Amino acid sequence: MRNRKWMIGIAAALLPLLCVSGCQATSKVAVKEDTIYIPGLTEEYRLAFLADMHIVEESGDVPEEEYETVAQRKELFQSADGTDSADMWSEMAGMLDGLGADAILLAGDMVDFASDGTLACLQEGLEKLETPWMYVRADHDYGVWYTTMEKEQAKALHRELDGAENVVSMDLGEVLLVGVDNNTSQISKKTLKKVKTLFSMGKPVILMLHVPLESRIDDELNQKSKEVWQDRALVWGEDTFYEPNETTQQFLELVYAKDSPVAEVLCGHLHFSWEGYLTETVHERVADPAFTGAVELLTVTGKKEVDK
């Protein structure tokens, strides 16, 4: 496990942040603006979206034999100008409210591993926010690889932040935000039941996950992942790194169904940006890693004349 995480960190550090059209530089933070088009909406909503901050902080629960590894990981998760992830999070958290978003969406791996130091840093940033926020965790958020912290203690600290429910949601009015926690693991039956209930509410859904889903239109995302991640398609699907069991497959079919309420899937994990269609109607967006300073400001609209 530790070797795999190391390789992932190395690859992530080699990926530069590209500021394309529609991108605003705010100090060390680069805000990329884009649009989510959902037919039939009469109101517009704005979402600030980020993933993969990978906060690394030294703390008392990091044993001496892990000091060097933690120091190396701190160097891996830096922006192009050398800002480390903890400082980047502090700066980003201080400017997110200024984006005027209706919600701030955190799509997992906000910390590189769970410890007193990393979670305290995360909490300090979250406490700055006045904008409503929604956070789904992933393996790094719960991982205790480099500390003496136990898994149950890590989960308890996450629950203190926001409850850390297995499914979270936020009703914006015409649109429902739904987040599935820790989708680096298989979906539980309890989670599936909650998702089915939310999907039956009759509103278009913006779904937030950490690990992307493979497209049933083409294999562009799978191939790009293989190019970056040592020939591994790090998405959920057939013949990919994340192969679903029966319950997870049922969840996937809810997203892929012709009558699915899902309009957009927001995720991270891959440490590169991508967007495309999962089906003819369901669009997916993968975020650049936030430790590089990347955050997306997404306008959700029913106005077709607004470019996607």
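**Helix packing and local details**

Modeller: In this predicted model, D116, L119, L122, Q123 and L126 of α4 are in contact with Q153, A154, L157, H158 and L161 of α6.

Colleague: What is the make-up of that contact of α4 with α6 by class?

Modeller: The contact of α4 with α6 has 6 nonpolar, 3 polar and 1 charged residues.

Colleague: And at what angle do α4 and α6 pack?

Modeller: The angle is about 10 degrees, and the axes of α4 and helix α6, which covers residues 151–162, are 11 Å apart. With an angle under 35 degrees, α4 therefore counts as roughly parallel to α6.

Colleague: Let's stay with α4 for a moment; which residues of α3 does it meet?

Modeller: A86, W89 and A93 are the residues on the α3 side, and they meet C121, L122, G125 and L126 in α4. Sorted by class, the residues of this contact of α3 with α4 are 6 nonpolar and 1 polar, with no charged ones.

Colleague: How do the axes of α3 and α4 run?

Modeller: Helix α3 (residues 85–95) and helix α4 (residues 116–126) have axes that come within 8 Å and cross at roughly 15 degrees, which makes α3 roughly parallel to α4. The crossing of α3 and α4 is right-handed.

Colleague: You mentioned C121 there; is C121 buried or exposed?

Modeller: C121 has a relative accessible area of 13%, so it counts as buried, given that the cut-off for buried is under 20%. C267 is also buried, with a relative accessible area of 0%.

Colleague: How many disulfides does a search of the whole structure find?

Modeller: The search finds 0 disulfides.

Colleague: Changing topic, what about α7 and α9, how do their axes cross?

Modeller: The axes of helix α7, residues 189–199, and helix α9, residues 246–256, cross at roughly 15 degrees and come within 9 Å. By that angle, α7 is roughly parallel to α9, and the crossing of α7 and α9 is left-handed.

Colleague: Which residues meet there?

Modeller: From α7 there are K189, L192, V195, K196 and F199, and these meet T247, Q250, F251 and L254 in α9. The contact of α7 with α9 is made up of 5 nonpolar, 2 polar and 2 charged residues.

Colleague: Last one, then: where does N222 lie, and what does it touch?

Modeller: N222 lies in helix α8, which covers residues 220–228, and its relative accessibility of 10% means that N222 counts as buried. Leaving out residues up to four places away in sequence, N222 touches E214, A233, V235 and T240. Between the C-alpha atoms of N222 and E65, which are 157 residues apart along the chain, the separation is 37 Å.

Technical notes: Residues are numbered from 1 along each chain as its sequence is written. This is a predicted model: local features need pLDDT of at least 70, side-chain atom pairs count only at pLDDT 80 or more; totals for chains, interfaces and linings use all residues. Side-chain values use heavy atoms; hydrogens and water are left out. A disulfide is a pair of cysteine sulfur atoms within 2.5 Å. Buried means under 20% relative accessible area, exposed over 50%, partly exposed in between (1.4 Å probe, protein chains only). Axes are lines fitted to C-alpha atoms, for helices over the stretch in contact, and angles run from 0 to 180 degrees between N-to-C directions. Helices (H or I, at least four residues) and strands (E, at least two) are DSSP runs, numbered from the N terminus. Angles under 35 degrees count as roughly parallel, over 145 as roughly antiparallel, 65 to 115 as roughly perpendicular and the rest as oblique. A crossing is left-handed if the near helix is turned anticlockwise from the far one by less than a right angle, and right-handed if clockwise. Contact means heavy atoms within 4.5 Å. Ala, Val, Leu, Ile, Met, Phe, Trp, Tyr, Cys and Pro count as nonpolar, Asp, Glu, Lys and Arg as charged, and the others, Gly among them, as polar.
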